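This briefing goes through one protein chain by topic. Keep the structure open while reading and find each residue as it comes up.

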Amino acid sequence: MKKLVRVSLFVLMALTLSIAIGCKHDSDPEPAPADVAGKNDSDPEQKPAPSNFVGEWKSTDGTTTVTVTSDGGFRTERTDMPEPFSGTYTVSSDGKTLTTSEITLPEDMGGAKVAFSMKLKDSETDVMDLPLSEIGMGDLVLVKVSTTEPNLDGTWTGQVVDEEGNLGNLTIVFANNNATLTLPWETGVVTAPVTQDGNFFTITATWTDDPEGNKLTGLISASDKAWLDDGSVFTKQQ
């Protein structure tokens, strides 16, 4: 009888232990290895690019195309370079500046190793400045192009600066492959032909002080704003 009681107690203890182990597995899962190692800690400089950086960007003068991917890579093509160059990038903690890894410039451009920082313009999410003065080139305005071909037709208004630094309002009316410009420092209006290639457009205008003509180039951004190559921005009137 005592032996039977001892055996029963042993079985009961084993059953209790088994239930306890089973309950622990159900309610207390082991932490994931990444959590244990602390690998899930966020580093703002290493996150994939915010969605406003990812996509295709073009310079308003038509010379440069920058493609930014969500996996941390970029590719740049220029009309004055025989081969594109690529690399990686980081994004600042405030999400407003993209800095590339070092790239080696072609020999005819000095052959130096440089990294570039492209900063979003104030209050904009699809236009950024690319400073190139450090390598002896003019600074560029990069526009994130719209995913659909925009309709230029309509009235666009914005502000421009003349050669003396005076700020004035400019109105551009696009219609029938022409642009009619009303400039603050011109008497009357100027009508000029327009060519459009997707988001990119060119206005070939003749001014009173420049009878040989002048080309204004620009791009329509993803937010449907028109950016000229001098950095001025125009909004289509509804």
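The model shown here is predicted. R78 is buried, because its relative accessible area of 15% is under 20%. The side chain of R78 meets that of D80 in a salt bridge, with 2.9 Å from N to O. The points below start with this pair and its kind, then turn to the strands, the aromatic rings and the chain as a whole.

**Salt bridges**

- Side chains of opposite charge can pair when their charged atoms come close.
- How many salt bridges does the count come to? The count comes to 4, and among them is the pair of R78 and D80.
- D80, the partner of R78, has 41% relative accessibility and counts as partly exposed.
- R75 counts as partly exposed at 41% relative accessibility, and E77 counts as partly exposed at 36%.
- Another salt bridge links the side chains of D129 and K121, with an N to O distance of 3.1 Å. D129 is partly exposed, with a relative accessible area of 28%.

**Strands and the barrel**

- The protein chain has 2 helices and 18 strands.
- Strands of a sheet pair through backbone hydrogen bonds, either parallel or antiparallel.
- Which strands make up the closed barrel? The barrel has 8 strands and runs β1-β2-β3-β4-β5-β8-β9-β10, with antiparallel pairing.
- Strand β1 covers residues 55-59 and strand β10 covers residues 140-144. These two strands run antiparallel and are joined by 3 bridges.
- K58 stands opposite V143, which belongs to β10.

**Aromatic rings**

- A pair of aromatic rings is described by the distance of the centres and the angle of the planes.
- The count of aromatic pairs comes to 2. In one of them, W156 and F174 are 6.4 Å apart from centre to centre, with 90° between the planes, and the pair is edge-to-face.
- This pair links distant parts of the chain, since W156 is in strand β11 (residues 154-161) and F174 is in strand β12 (residues 167-175), 18 residues apart.
- Are W156 and F174 buried or exposed? Both are buried.
- F174 also pairs with F201: the ring centres are 5.7 Å apart and the planes stand at 75°, so this pair is edge-to-face. The angle cut-off for that label is over 60 degrees.
- F174 lies in strand β12 and F201 in strand β15 (residues 200-207), so the pair ties together parts of the chain 27 residues apart in sequence.
- F174 counts as buried at 4% relative accessibility, and F201 counts as buried at 1%.
- W156, F174 and F201 form one aromatic cluster.

**The chain as a whole**

- The protein chain has 238 residues, of which 35% count as buried.
- Among contacts in the chain with a separation of 6 or more, 37% are between residues 24 or more positions apart.
- The accessible surface of the chain comes to about 14600 Å². Carbon and sulfur atoms account for 53% of that surface.

Conventions
Residues numbered from 1 in each chain as written. Predicted model: local features only at pLDDT ≥ 70, side-chain atom pairs only at ≥ 80, totals over all residues. Heavy atoms only, no water. Buried < 20%, exposed > 50% of the residue type's maximum accessible area, 1.4 Å probe, protein only. Pairing = 2+ DSSP bridges. Helix = DSSP H or I, 4+ residues; strand = E, 2+ residues; numbered from the N terminus. Phe/Tyr/Trp six-rings, centres within 6.5 Å; stacked < 30°, edge-to-face > 60°. Contact = heavy atoms within 4.5 Å. Areas by Shrake-Rupley, 256 points an atom, 1.4 Å probe, with all protein chains shown as cover.
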